[in-house]
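Hi,

Here is the structure I promised to pass along. Have a look at it first, and then read on for what turned up.

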Amino acid sequence: MKISTFDANEIIVSPSILAADFANLAQEVKGAYDANAKFLHLDVMDGHFVPNISFGPSVIAKLRPCSEAFFDAHLMISHPQEYIQSFHEAGCDHITFHVESDCNIQEVIDQIHSYGMSAGLTLKPGTDIDSIIPYLDKIQMVLIMTVEPGFGGQSFMHEMMGKVSTIREHANKVNPSLHIEVDGGINKETSKIVRAAGANILVAGTAFFRHPQGMQEAQKELTS
Ligand SMILES: O=C(CO)[C@@H](O)[C@H](O)COP(=O)(O)O
Ligand SMILES: [Fe+2]
């Protein structure tokens, strides 16, 4: 699937499987799509770029037949350039990587595009958005981290909203179809704040997979 299928004004929920029940991953992923979440957020961690290890392409490949969702990979790895082909073969539709990773940013963007996937750039809360501005017309998504990458279940950092509105202002001039995703601590309340700031793709792990009333209710709360 192509990201151009989705409009940058459309509010999209991207459930992060980091908060799903890993012993029942196939059911969780099917449930998320049945609940009308059009994306699936895949947090890949290498234990080096961030102090946690999650999963890699082999798990993603097993999940691919379980869902028709847009597979939205978030690579928290030091050397993304070495794994782009593997994530493409696993069935990812999109890859977001960090500006802080050890690579040539433009070369990795080109590599992702060469496999027909869309490309996104993201940054840690302490990194200045000047590192992303020069690439806004070359990518399809900016992901603003609203927690320190590495773990689910953390509290939303309100002070990141300035980054969202600044990116939206710049994008209106150079790339109006740019999607802005936010990730970390997104729930019923914070979803309203990020949407007001200009984000349209909402990653939700805990608030989606661990919602006491289930995923359908989570989807409703995050989009209403
Ligand atoms: O990238 C990350 C964490 O590094 C996220 O995608 C989290 O998995 C989001 O989890 P919640 O904050 O929604 O529980
Ligand atoms: Fe993420």
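A question to start: in the loop between which strand and which helix is Gly152 found? The loop in question runs between strand S6 (141-145) and helix H5 (161-174). (Helices, H or I with at least four residues, and strands, E with at least two, are DSSP runs numbered from the N terminus.)

Before going further, some housekeeping. This is a predicted model, in which local features need pLDDT of at least 70 and side-chain atom pairs count only at pLDDT 80 or more, while totals for chains, interfaces and linings use all residues. Residues are numbered from 1 along each chain as its sequence is written, and chains are lettered from A and ligands numbered from 1 in the order in which they are written.

Back to that loop. Gly152 is buried, because 23 other C-beta atoms lie within 10 Å. Buried here means 20 or more other C-beta atoms within 10 Å of a residue's own, exposed means 12 or fewer, and partly exposed is in between, with C-beta atoms placed from the backbone. Gly153 lies in the loop between S6 and H5 too, but counts as partly exposed because it has 13 C-beta neighbours inside 10 Å. Apart from neighbours within four places in sequence, Gly152 is in contact with Ser16, Leu18, Ala19, Gly205 and Thr206. (Contact means that the two C-beta atoms, placed from the backbone, lie within 7 Å.)

Now the ligand. Ligand 1 is surrounded by 23 residues, and the closest are Ser16, Leu18, Gly152, Gly205 and Thr206; a residue goes into this shell if its C-beta atom, placed from the backbone, lies within 6 Å of the molecule. Strand S2 (39-45), strand S3 (70-76), strand S8 (201-204) and helix H7 (206-209) are the elements that give two or more residues each to the shell. By class, that shell has 10 nonpolar, 11 polar and 2 charged residues.

What does UniProt say? Its unreviewed entry puts "active site" on Asp43 and Asp183. They are spread over 141 residues of sequence but cluster in space, with a largest C-alpha distance of 10.5 Å. The entry also has a "binding site" at His41, Asp43, His74 and Asp183; these are spread over 143 residues of sequence, and again the largest C-alpha distance is 10.5 Å. Another "binding site" annotation lists Ser16, His74, Gly150, Phe151, Gly152, Gly153, Asp183, Gly184 and Gly185. UniProt positions are in the numbering used here, feature names are shortened, and annotations may be inferred rather than shown by experiment.

Going through three of these annotated residues (contacts leave out residues up to four places away in sequence):

- Asp43 sits in strand S2. It counts as buried because it has 24 C-beta neighbours inside 10 Å. Asp43 touches Ser16, Leu18, Ser54, His74 and Met76.
- His74 is in strand S3. It is buried, with 27 C-beta neighbours inside 10 Å. Its contacts include His41, Asp43, Thr96, Thr122 and Asp183.
- Asp183 belongs to strand S7 (residues 179-183). With 28 C-beta neighbours inside 10 Å, Asp183 is buried. Asp183 touches His74, Leu143, Met145, Thr146 and Val203.

Next, helix H4 (residues 105-114). Ile105, Val108, Ile109 and Ile112 are buried there. Helix H3 (84-90), strand S4 (94-98) and strand S5 (118-123) are among what covers them. The face turned away from the buried side carries the exposed residues Gln106, Glu107 and Ser114. Just after H4, Gly116 takes a positive phi of about 80 degrees.

Asn36 is not a glycine, yet has a positive phi of about 85 degrees. Asn36 is in the loop between helix H1 (25-34) and S2, and counts as exposed because it has 12 C-beta neighbours inside 10 Å.

Cheers

Note on methods: Ala, Val, Leu, Ile, Met, Phe, Trp, Tyr, Cys and Pro count as nonpolar, Asp, Glu, Lys and Arg as charged, and the others, Gly among them, as polar.
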